[in-house]
Structure formats: C-alpha cells, structure tokens
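Here is a short briefing on one protein model. Keep the structure open as you read.

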Amino acid sequence: MAILDVQHIEKHFGGTQVLRDISFSLEEGQALSIIGSSGSGKTTLLRCLNFLETPDKGVISVRGETLFDAEDTRRPSEAEIRQRRLHFGLVFQSFNLFPQYTALQNVTLARELMAKENRESRDAILQEGRELLGRMGLADRAEHYPHQLSGGQQQRVAIARALALKPDILCFDEPTSALDPELTGEVLKVIRSLAEQKTTMIIVTHEMAFARDVADQVIFMDGGVIVEQGPAREVIDHPKEERTQHFLSRFAQQ
C-alpha cells in the first residue's frame with residue numbers, strides 16, 4: 001500500500017485555477033521530486049498536503065487513512081487540522097526559524113509543547129534534539145541563535161526541526177533557493193543522506209541533476225497540471241512530453 005495517495009486535487013484562488021486534477025501516489029521510503037517553472041502550482045500542492053491550504057476538490061490519504069475529502073462537508077476543528085499536519089514535515093524556502101530561540105530550542109519547541117499530551121520527558125526531547133542536530137552536522141551549534149548561523153546551517157536546523165516531529169512524509173519547498181551557491185551543497189548533502197536512509201520525501205526543487213540522482217520518482221508540473229511523471233532518470237534524461245522537453249532544455253543550456 002502507498003504511504004501517500006493523492007486523488008484529483010484541485011485548488012482555485014478566486015477565479016484562477018492553480019491546481020487541476022492532481023493525482024499521484026508515493027511508496028514508503030521513496031523520494032519524489034516535483035519540478036516545473038515558478039507559478040506551476042508546486043508550492044500550492046505542498047501547502048495543500050500540509051493543510052496550510054484547503055483543496056476545493058480531491059482526496060488525500062496517508063497509510064490508508066483519509067485525511068481530507070472535499071466531499072465531506074463537516075468542518076474539521078483546529079485540533080483535527082493540527083493532527084493531520086503531523087503526518088507531514090515541511091521545510092520552507094526561507095527557514096522560518098524563531099530568532100529568539102537557539103538552534104536546539106527551535107528543534108525541540110513543538111515537541112516540548114506536546115510533551116504532556118505524549119507523556120515525553122523534557123530530557124528525552126532535548127537529547128533527541130541534540131542527536132538530530134548531530135545528524136545535520138551541527139552538534140557544536142546547538143546553543144547558537146539563528147543570526148549566528150549561516151543560511152545553510154539555518155536550513156539544516158529547519159530540517160532537524162521537521163524531523164523532530166517524526167512525520168510520515170518530509171516535504172521540502174525549494175530548500176536551496178534562498179542560499180548562496182556555496183551553501184547549497186551542504187543542504188543537498190543532508191537531503192541526499194536522508195534519501196539513502198529511505199526517508200519518505202517530497203522535494204520541490206530546481207536542482208535538476210540532484211532530482212535525477214536522488215529521487216526515485218519525478219513529477220513535472222506546468223500550468224497547474226501534472227504533465228509527466230515516472231522514474232526520475234527516465235523523466236529527466238528521456239522526457240516524452242514536449243512541454244517537459246522544453247522545460248528541461250533550458251537547464252541543459254545553462
């Protein structure tokens with residue numbers, strides 16, 4: 001059974017249709033890259049999956065459980081929406097760290113807020129937070145504040161924060177777009193390591209070589225629709241659709 005099943009998602013903003021009949025599935029341990037030009041609907045799709053936007057149509061299921069069905073007219077409570085979001089971890093383009101908290105506090109804050117409900121000890125949460133920062137190569141930066149960290153280090157703290165909640169699916173929205181080129185490599189190295197550890201991921205990216213080498217599957221979106229999807233190397237090296245070929249040719253010329 002697929003860990004994630006998305007069926008016929010549509011989303012409008014006013015009179016503009018941003019997503020049209022989006023359907024795909026993702027197996028546990030796979031990495032899926034979503035590519036396409038700016039404005040093609042990639043970020044909106046991620047926001048729908050993370051329940052930051054509400055689709056107008058469609059169904060979203062995780063591990064066989066329907067988390068969202070547009071035909072269900074019952075309005076979910078805030079608590080239900082928060083519970084749904086726990087299935088997904090989202091790493092934003094611009095880090096979104098809390099400037100008043102250290103790296104470790106940023107990683108552990110959400111877990112600490114949930115500690116009573118989950119019956120977790122603060123010491124255990126802090127220990128796991130330090131271990132996650134260690135995995136990100138930031139063991140010596142735990143007590144640093146965001147302004148004391150480089151952009152690449154801040155993004156790695158954001159990845160650790162997303163992992164701290166143990167999501168079923170880790171989502172990245174252009175994780176290197178806010179970074180200088182020399183810092184991009186360190187973040188991609190972390191994501192590559194997560195893929196090698198079979199972390200289930202959805203990665204929106206403009207890094208075509210990275211998508212080809214790291215992802216199991218690739219979706220190419222254009223104009224709010226899925227134009228082409230399939231094995232990463234097959235789609236990127238041998239695209240079948242003319243729109244995919246045109247999009248990828250621009251990267252080949254760079």
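Which elements each supply at least two residues of the lining of the second largest pocket? They are β5 (65-69) and α2. Bear in mind that this is a predicted model.

**The second largest pocket**
- Its volume is about 390 Å³.
- The lining of this pocket has 19 residues, and Thr54, Phe68, Arg74, Pro76 and Arg84 lie nearest the centre.

**The largest pocket**
- The largest pocket has a volume of about 880 Å³.
- It is lined by 23 residues, with Arg82, Arg85, Leu86, Ala110 and Leu165 nearest its centre.
- At least two lining residues come from each of α2 (78-85), β6 (88-91), α3 (103-113) and α6.
- The lining has 14 nonpolar, five polar and four charged residues.

**Helix α7**
- Helix α7 covers residues 181-196 and reaches 23 Å from its first C-alpha to its last, close to the 22 Å expected.
- Its buried residues are Leu183, Thr184, Val187, Leu188, Val190, Ile191, Leu194 and Ala195.
- Seen down the helix axis, these buried residues fall within an arc of 155°, so they line one face of α7.
- The face turned away from them carries exposed Glu182, Lys189 and Glu196.
- The buried residues of α7 pack against α5, α6, β7, β8 and α8.
- Just after α7, Lys198 takes a positive phi of about 65°.

**Gln155**
- Gln155 sits in helix α6.
- Gln155 counts as buried because its relative accessibility is 0%.
- Among the residues Gln155 touches are Val91, Phe92, Pro175 and Val187.

How values were computed
Residues are numbered from 1 along each chain as its sequence is written. This is a predicted model: local features need pLDDT of at least 70, side-chain atom pairs count only at pLDDT 80 or more; totals for chains, interfaces and linings use all residues. Side-chain values use heavy atoms; hydrogens and water are left out. Helices (H or I, at least four residues) and strands (E, at least two) are DSSP runs, numbered from the N terminus. The expected span of a helix is 1.5 Å times one less than its number of residues. Buried means under 20% relative accessible area, exposed over 50%, partly exposed in between (1.4 Å probe, protein chains only). The arc is that of the directions from the helix axis to the C-beta atoms. Contact means heavy atoms within 4.5 Å. On a 1 Å grid over the protein atoms alone, a cavity is a set of points where a 1.4 Å probe fits but cannot get out, and a pocket is an open set with protein on both sides within 12 Å along at least five of seven lines; lining residues have an atom within 4 Å of a point. Grid points are joined across faces, edges and corners, and a volume is the space filled by probe spheres set on the points. Ala, Val, Leu, Ile, Met, Phe, Trp, Tyr, Cys and Pro count as nonpolar, Asp, Glu, Lys and Arg as charged, and the others, Gly among them, as polar. Lists of a residue's contacts leave out its neighbours within four places in sequence.
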